[in-house]
Amino acid sequence: MKKRGKGIGSIFYGTGYGNGFPDVSNACAELKADGKIYVYAGATEVGQGAKTALSQIAAEAAGVKLDKVVLVHEDTSKTPDSGTAAASRQTYNTGNGIRIACEQLKQEILSIAKEALGTNTTMGIKINNDMLEVKGLPDKKISLQELYIEAEKMGKTLRVDKAFVAHTMKMDDETGQGAPYWPYTFATYCVEVEVDTDTGKVDVLKAVCAQDVGRAVNPMLVEGQMEGGFAMGMSWALYEDLGLSNGKIKNDNFSKYIIPTSLDMPEIKNIIVEDPESTAPFGAKGIGEPVMIPAMPAILNAIYDAVGIRITKLPASQQEIVRLIQEKENQQ
Amino acid sequence: MNIRVFSPAVLDEALNCLQQPEGQVLAGGTDLIIELRKEKRKPQYIVDISNIKELKSIELGEEKIRLGAMVTFADIINNEYIKNSIPSLWEAAYNMGACQIQNKATIGGNICNAAPAADSIPVFLSLAAQCEIKSASGSRLVPVSEVVLGSGKNCLKADELLTAVIFDIPRTNEVFAFSKLGKRNALAISTISCAVRIYCIDGIIKEADICTGSLGSKAEREYNIQSYMLNKKMGTLDINEAADILSAEVEERLKARSSITYKKAAVKGVIKEALQKCINRYHEVQCKGCESNE
């Protein structure tokens, strides 16, 4: 018989290394002769979209269009250390490092422009794409390329190196209390499943995922991460099993180590929750890992709602579900 | 590894090649190539039959269908007649492996490789298919039930080649279904599979073939559920009771195995799905009949 159930999973997640471990993201921003802003950060793009989101943060902080930003990353001969692409920390930590460096570079660009354009303050200058214009007198302007030459004449280099240090405190060894992380990210997922009580097969029919992101730097990337995270969380709940036996991995290839296919994935409705974090770059927090976590408890709760069994060992295999259903029937 | 490969373009030449000892037939290669890489098999020479055109055809006769041994799963999936008239065979092909495997894997290879989880074998069993087996010295017809002997074992002699699978053209009021259970909805090896063929006269089940895969070392015909179903009314068939009978039959056969606790329960879900599909298809046939009468 096929039975349906619904479940909810809610999580909070601390960004970064946490627990007092030094968490530093270095970043460098430089105006070059081609009039473009070069941003150097040792942040690794692993498919999550760091390259896009960090370029957007740099453009916003420097006040230029995205095509004026060149992000140099994953090259240790050119980039400072920005820490690992791990702990869901690149958007928040390296994003902050880049934001600070680019904001400072913008101020230095404006100072040179003030000299070159003859205004009394930098407030009177506006960046319009690759031109710096005097407010109220837009014909009086200088391009970023020309500004680079002016700076050279003045003997100035337009290069800023900055570091962002995340707030993190070691927890009390005795009590386990403290403030190990900042900031936290929150998420709640709801799913509906159908459980076949004969075979133990679970079909996830529908998922609604609400993810706090602080601010969505790139909503399409956020949705991509949410759906990918749901697939990984569902895989964790229902499929993935190394099959460790006396230290040996039995399921050592993808014919035995099962992950979901597109035919296993449900319809997913994504809800992006934006509540800007004041310490974050334009309010944006990392979601790399948070997007995965609520799927598993939501699915296990939905299985409980459908057939009244509690799964305490992952994955919730078809065999284990049938065993628990039979155990429950025998008790009654 | 030094293996000689023959790639004959005509069948007689392939049969001649097979007269030498220590040879191995290569069809789609989806199993053999992996075993060669792992050095599980070390043949002296390989007879590649993939260039033999006469083994690749699907022939619809007056009474029989003849599938050449090199007909691929993709050929079956793309065949409209099989899709509409023998959906059990179509469903087995469609749900087997990935697209790339479907393009290369052949029905002859699937039968001869004789894996317990091979999806086409329960279907061919339920169709009471005959295998055409040829050698340089002659030809014989053997029921598929006698070709597959156990896990990885078939009845072919070293100089023989399976050349075709032959079975009856479906009649009116004959319905088919195939269901399988795997660890996910695509690209899954069958944990359990069931092929069903039912023939009715005046709404009464007169012939029932229920064949399962992955329940033991080879696909099996399940006699108890078949006799249970005979002479029952198709419209009021109790699929739960039928599933219980199959479950008991499977338990009796596999009682020594640790997997039986799960499989005796799960087989019910698989057979119920297959029987329900048959019942739905039978109703469709009846409804079409009504419309054409009006």
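Residues are numbered from 1 along each chain as its sequence is written, and chains are lettered from A and ligands numbered from 1 in the order in which they are written. In this predicted model, local features need pLDDT of at least 70 and side-chain atom pairs count only at pLDDT 80 or more, while totals for chains, interfaces and linings use all residues.

Chain A is assigned domain 1 (2-14 + 181-331) and domain 2 (24-165), with bounds taken from an automatic or database domain assignment. The C-alpha centres of these two domains of chain A are 39 Å apart. Their contact involves 16 residues from domain 1 of chain A and 15 residues from domain 2 of chain A, two residues being in contact if their C-beta atoms, placed from the backbone, lie within 7 Å. On the side of domain 1 of chain A that touches domain 2 of chain A, 10 residues are nonpolar, 4 polar and 2 charged. Here Ala, Val, Leu, Ile, Met, Phe, Trp, Tyr, Cys and Pro count as nonpolar, Asp, Glu, Lys and Arg as charged, and the others, Gly among them, as polar.

Chain A also contains an open sheet of 4 strands in the order β4-β3-β2-β8, with mixed pairing. Strands are DSSP runs of E (at least two residues) and helices are runs of H or I (at least four residues), numbered from the N terminus; two strands pair if DSSP finds at least two bridges between them. The edge strands of chain A, β4 (69-72) and β8 (159-165), each pair on one side only. Strands β2 (residues 24-31) and β3 (residues 37-40) of chain A run antiparallel and are joined by 4 bridges; A:Leu31 has A:Ile37 of β3(A) as its bridge partner. Helix α1 (residues 50-62) of chain A lies across β2, β3 and β4 of chain A, at about 135° to β4(A). Helix α2 (residues 90-117) of chain A packs on the sheet, touching β2, β3 and β8 of chain A, and its direction makes about 30° with that of β2(A). Axes are lines fitted to C-alpha atoms, for helices over the stretch in contact, and angles run from 0 to 180 degrees between N-to-C directions.

The contact between the chains takes 15 residues from chain A and 12 residues from chain B. Helix α6 (residues 318-331) of chain A supplies 4 residues, the largest share of the side of chain A that touches chain B.

In chain B, 6 of the 8 residues of helix α5 (residues 87-94) are buried, among them B:Trp90 and B:Glu91. A residue is buried if 20 or more other C-beta atoms, placed from the backbone, lie within 10 Å of its own, exposed if 12 or fewer, and partly exposed in between.
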